[in-house]
Amino acid sequence: MAGGTLLRQALDLWRGPALFDVADGLPQLAARLAATEVARLTALEQRIQADLAAGRHGELVAELGELAAAYPFREQFLAHQMVALYRCGRQAEALAGYHLLRERLADELGVDPSPGLNRLYVAMLRADAALDWPGAVPRALAAWALTRPNRS
């Protein structure tokens, strides 16, 4: 998929936090840098979604584990990790990740996972054929992405 390749090439140019040693004491710059980081994470999510659509779920499992750990409240990384694990025949691990997030959200923020992530979880419990590869990004994941809140 051309979009995934282009995103991968762009993300490969990224070298750590932008101007991390300059932003202290400059709130306007800090806000712009935070927005830049959100844009980078969004591009990363889109690249991973393209990789999932191309059937690279096995290659993504380790990377998504690291991303889900580094960004524990960014549900998109967990959703992608769940799909990758599920497609690798690791349904129990995919469901365990959901439960871990649900507990973390309740304990630390007093909220539940998004309705879309809940739908993805239920789709996995039902072994919904829409989650299987080959094909485009699963309908459950695509629907989830359209309704997800922006949690970083």
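Visitor: In this predicted model, where is the place of His 57, and is His 57 buried or exposed?

Guide: The place of His 57 is in helix 3, which covers residues 57-70. With a relative accessible area of 13%, His 57 is buried, because buried means under 20%.

Visitor: Which residues does His 57 touch, not counting residues up to four places away in sequence?

Guide: Leaving aside residues up to four places away in sequence, His 57 touches Leu 52, Ala 84, Arg 87, Cys 88 and Trp 133.

Visitor: How should I read the largest nonpolar core, and which of its residues touch the most other members?

Guide: In soluble globular proteins, nonpolar side chains tend to be buried together. Here the largest nonpolar core has 28 residues, of which Ile 48, Met 82, Leu 117, Leu 120 and Met 124 touch the most other members. At least two residues of this core are supplied by each of helix 2 (27-53), helix 3, helix 4 (75-87), helix 5 (91-109) and helix 6 (115-125), and the largest share, eight residues, comes from helix 4.

Visitor: How many aromatic pairs does the structure hold?

Guide: A pair of aromatic rings is described by the distance of the centres and the angle of the planes. The structure holds two aromatic pairs. In one of them, the rings of Tyr 71 and Phe 77 have centres 5.8 Å apart and planes at 45°, so this pair is tilted. Tyr 71 is partly exposed, with a relative accessible area of 23%, whereas Phe 77 counts as buried at 0% relative accessibility.

Visitor: What are the centre-to-centre distance and the angle between the planes for Tyr 98 and Tyr 121?

Guide: The aromatic pair of Tyr 98 and Tyr 121 is stacked, with 4.1 Å centre to centre and 15° between the planes. Because Tyr 98 lies in helix 5 and Tyr 121 in helix 6, the pair ties together parts that are 23 residues apart in sequence. Both Tyr 98 and Tyr 121 are buried.

Technical notes: Residues are numbered from 1 along each chain as its sequence is written. This is a predicted model: local features need pLDDT of at least 70, side-chain atom pairs count only at pLDDT 80 or more; totals for chains, interfaces and linings use all residues. Side-chain values use heavy atoms; hydrogens and water are left out. Helices (H or I, at least four residues) and strands (E, at least two) are DSSP runs, numbered from the N terminus. Buried means under 20% relative accessible area, exposed over 50%, partly exposed in between (1.4 Å probe, protein chains only). Contact means heavy atoms within 4.5 Å. A nonpolar core is a set of buried Ala, Val, Leu, Ile, Met, Phe, Trp, Tyr and Cys residues joined through side-chain atoms within 4.5 Å. Rings of Phe, Tyr and Trp (its six-membered ring) pair if their centres lie within 6.5 Å; planes under 30 degrees apart count as stacked, over 60 as edge-to-face and the rest as tilted.
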